[in-house]
Amino acid sequence: MSFAGQTIAITGASSGLGLQLARELATHGARLALMARDKGRLKEAAAELGDNTLIFPGDVTAENDCKQFIGKVIAEYGVLDHLVANAGQSMWARFEDIENLELFRRLMEINFLGVAHCVHSALAALRKSCGQVVVISSIQAKVGVPFHSGYGASKHALEGFIDTLHYELDGTGINLLEVYPHWIRGTELRKHALGPDAQPMGDRKRSHSDSGVTVDECARAILGAMARRRATLYAPWTLRYVQLIKNLFPGFVRWSIRRKVGAQQ
């Protein structure tokens, strides 16, 4: 596995999985470009990761921010080899308890339109480099989960978008890698998840169960898939059977998911 000298742009890179990916890639000699809304945390990340780190405070829901980010990457490095669309936000609320349906708009803007904005801005550069788009999706793009109606909907929209791009970009040399993680432990996704009032849950957050993967495990698996230019990655790998089992035994899948979600406080 070698990313030495390659230019890799990562959104949602100031914390969680995005920051861990940046750390792993820095050890492999990659030139990094990090985008996130938190300027202070981006500066801290750059100080930790070293000189080959460009930072851009911006919001993926703003199309112009994404254009400026990719433009800055090209101006600084002259090339873009990988775009990692990692920025995302979750939720935790029963649909009937949602007080503000703005929650749905926000999740669609971040989890779906945020990816579309970045990919559209980067396509020309990725064509030149025969590069790669890495989309951090969720197993919820394949199967719904209680209390995540808006989040699951946004990931299903993302699934349709990337599926279409597989057809449209065939023969261009651009690889599309879609990542389907379980719960990722060691991130702040739950803290920033939107509650019924469409506000981040903060201290109201639910804790993760012991299932899922750690942020370190997930980051290392993604790097391996990037190096091999795979089309899909399930983390853990056993999730690849979820869709098949859902089609064959939908009742069992619903029972299993309700039991697992119910075990989370």
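**View 1. Leu32 and the residues around it.** In this predicted model, Leu32 touches Ile8, Ile10, Ala22, Leu25, Ala26, Leu49, Asn52, Thr53, Leu54 and Tyr77, leaving aside residues up to four places away in sequence. Leu32 is also one of the residues that touch the most other members of the largest nonpolar core.

View 2. Two or more residues each come from β1 (7–11), α1 (16–27), β2 (31–36), α2 (39–49), β5 (132–136), β6 (175–181), α7 (215–227) and β9 (232–235). Top contributor is α7, with 7 residues.

**View 3. A cis bond at Pro236.** Look at the peptide bond running from Ala235 to Pro236: it's cis, with omega near 0 degrees. You'll find Pro236 in the loop between β9 and α8 (242–248).

**View 4. Ala198, a non-glycine with positive phi.** Here phi is near 70 degrees, and the residue is Ala198 rather than a glycine. Ala198 sits in the loop between α6 (189–192) and β8 (213–214). Its relative accessible area is 15%, so Ala198 counts as buried.

**View 5. Arg229, with positive phi too.** Arg229 isn't a glycine either, yet its phi is positive, at about 50 degrees. This residue is in the loop between α7 and β9. Arg229 has 36% relative accessibility, so it's classed as partly exposed.

Note on methods:
Residues are numbered from 1 along each chain as its sequence is written. This is a predicted model: local features need pLDDT of at least 70, side-chain atom pairs count only at pLDDT 80 or more; totals for chains, interfaces and linings use all residues. Side-chain values use heavy atoms; hydrogens and water are left out. A nonpolar core is a set of buried Ala, Val, Leu, Ile, Met, Phe, Trp, Tyr and Cys residues joined through side-chain atoms within 4.5 Å. Buried means under 20% relative accessible area, exposed over 50%, partly exposed in between (1.4 Å probe, protein chains only). Helices (H or I, at least four residues) and strands (E, at least two) are DSSP runs, numbered from the N terminus. Contact means heavy atoms within 4.5 Å.
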